[in-house]
Amino acid sequence: MIYRLSWIFLMVLGASTGYIAYTTLSMGTAINIGSAVYPLILSGVIFVISLYGVIFGDQESSKELDLRGFSGVVASVVAFILTIEHIGIVPSVILSMVIAYAGQSKGGYVFFLVYASLFAVGTWLLFNLALGLPLPAIKIP
Amino acid sequence: MEDLLLGLHTAIQPINILAVFAGVFVGTGIGVIPGIGPLAAIALLMPVTFSMDPTTGIVLLAGVYYGAEYGGSKSSILLNLPGTPAAAITCLEGYPMAQSGRASRALFLSTFASFIGGLIGMLVVAVMTPAIVSVAQAFGPAEYFALIILCFVAVSTIGGADPRKNFVMVSLGALLATVGLDIYDGVERYTFGTSHLLDGIHLVPVAMGLFGFSEIILSIRRNEHEQIRHRVDFKSMMPTLLEWKRSFWPMIRGAASGCFFGPLPGTGPSMATILSYAVEKKLCKYPGEFGNGAVEGITGPESSNNAAAQSAFVPTLSLGIPGTPTMAVMIGALMIHGIVPGPLLMSSEPVLFWGLVASFGIGNLAAMIINVPLIGLWVSFLNVSYRLLYPAVIILICVGCYSLQNNVSDVVVMLVIGIVSYGLRSRGFEPAPLLIGFVLSPMLEENFRRAMIMGQGDMTFFFGNAICIVTHVLTVVLLVSMLLRRPIARFVSARLMNRGNTKS
């Protein structure tokens, strides 16, 4: 059963979304169908196919989880989310890039810090000056 | 013919040629950046055109539009990050081709196929606009519904994944698109009380999460051990004679599907590329190559994509109906110049209309001239150590998502979708069908509900005419062939094994 985790996940997802649609939204009438019908149909399709996958599916091949890489990338994005509006784009980008870089095993952090700094300035120039988006380079909290 | 000559005379004016080249150059550059698509590029450059002659201004914006389509395929092939939904199909074959050391060839093929598709699209627009408009007008809610269902089933056949997995992903994408306010009833669906989700989920975080985020995690370890050095020379770029032969008919067929579906509002380019891919996969003599860098899987959809991009102007200019948000901005630009698109545009503004059509030919040539020499530059990015490249790509993804609404909620959405996508991809689920389902879902629901109203709740309304019936029959045929493919293959191989055992 553990090999069919993805099908189980999708089956649960289909059942949950279908339940939410059925209990919180209106079915309407045949002529003027309500907002529940369409998501209910889709949820049903996902549930039925996933159930079939759970019962009759082949043993799933799965790639080994790269924990370090996964953690580095997720932490990088989380750092960006938490800092972009508080400290400005340049320091936020540098911090996020360094955290992402930690997701691989080769060294060279000093060189990478210089590279990240230049890239952060370039990003600010591109998005702020060239594309006109209001992102301050540095923001003092 | 006279009109086209008038248009050509207008298009070859030095100022208009300059506008085309500038538009294509800027559009390509912006299209390469993940998260920034043609709509953002056109919206940002529109104020620049206010002081220009209307023809020159529209020619510039049109150049940006299809330049961005060219650029979007670069990030699809090199980084597996589609710039547009239609470019998601290019990821399927282009990225594996790049990963196997043939990046420059993939880029050249996509550029050349786009050029051919764009040229054919231009000729079709010039010659067949009245006929195209009447066909587009024949498509009502029931027809659109049937067509999108066909696309959903066709999408299930893409790549090398199990069709059931693809179909679940399409349905999941369609369900994801229901998040937000239901515009018919004004009720919230799956927002969980969050104001950020009232407007629904934007396409960019979905695309970036599905492709960029998960691809980066999957690639880090792979590239730590092996990074293919990419050759960047003329020989590596040029397809072999066999590849040219294999590409010819897919380009023609792709252009045909692009010209047919492009004028259909909303989903023309996406539908055109999906169906082109599905057709090429069915017709290909080397079906085993699909999912691993089949040339037909690049040239057909790329040609289709560009042909659809050109022919999308037909309903925009001749009916005043914008088929996509990008075309809506184009209409806005026209109206700012005091030009009202509609059935009278061809007769009241022939210089603008035919000048624009003729500029498509020059623009496609400009895109070839600009893009082919730059292939070496794009491919050289792949020779940069991946450990330096991927943090930069993560930042571009994050900033691209953030810049949509200057809000971190889009980055959060990207993160959540990325994590789920990574989990599913590592278990053999393809991301492209989810994106396609997400894009097509609003139109599917809209046409479903409209058809139910028009048919007074009678389901036979969905089978009311020849277009619907033929489309539904094609859907059933595709579905049956998809479901029976594996059992038939098992049956045949079992028989062959038995025969082999008997002989021995």
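In which handedness of crossing does helix 7 of chain B pass helix 20 of chain B? The crossing is left-handed, meaning that the near helix is turned anticlockwise from the far one by less than a right angle. The model is predicted: local features need pLDDT of at least 70, side-chain atom pairs count only at pLDDT 80 or more, and totals for chains, interfaces and linings use all residues. Residues are numbered from 1 along each chain as its sequence is written, chains are lettered from A in the order written, and side-chain values use heavy atoms, without hydrogens or water.

**View 1. Helix 7 against helix 20, chain B.**

**View 2. Helix 7 against helix 8, chain B.** Helix 8 covers residues 163-176. The axes come within 8 Å and cross at roughly 135°. B:Phe152, B:Val153 and B:Val155 of helix 7 touch B:Asn166, B:Phe167, B:Val170 and B:Ala174 of helix 8.

**View 3. Chain B against chain A.** The contact takes 67 residues from chain B and 69 from chain A. Between salt-bridging groups (Lys or Arg side-chain nitrogen within 4 Å of an Asp or Glu carboxyl oxygen), the count is 0.

Methods. Axes fitted to C-alpha atoms, helices over the stretch in contact; angles between N-to-C directions. Helix = DSSP H or I, 4+ residues; strand = E, 2+ residues; numbered from the N terminus. Contact = heavy atoms within 4.5 Å.
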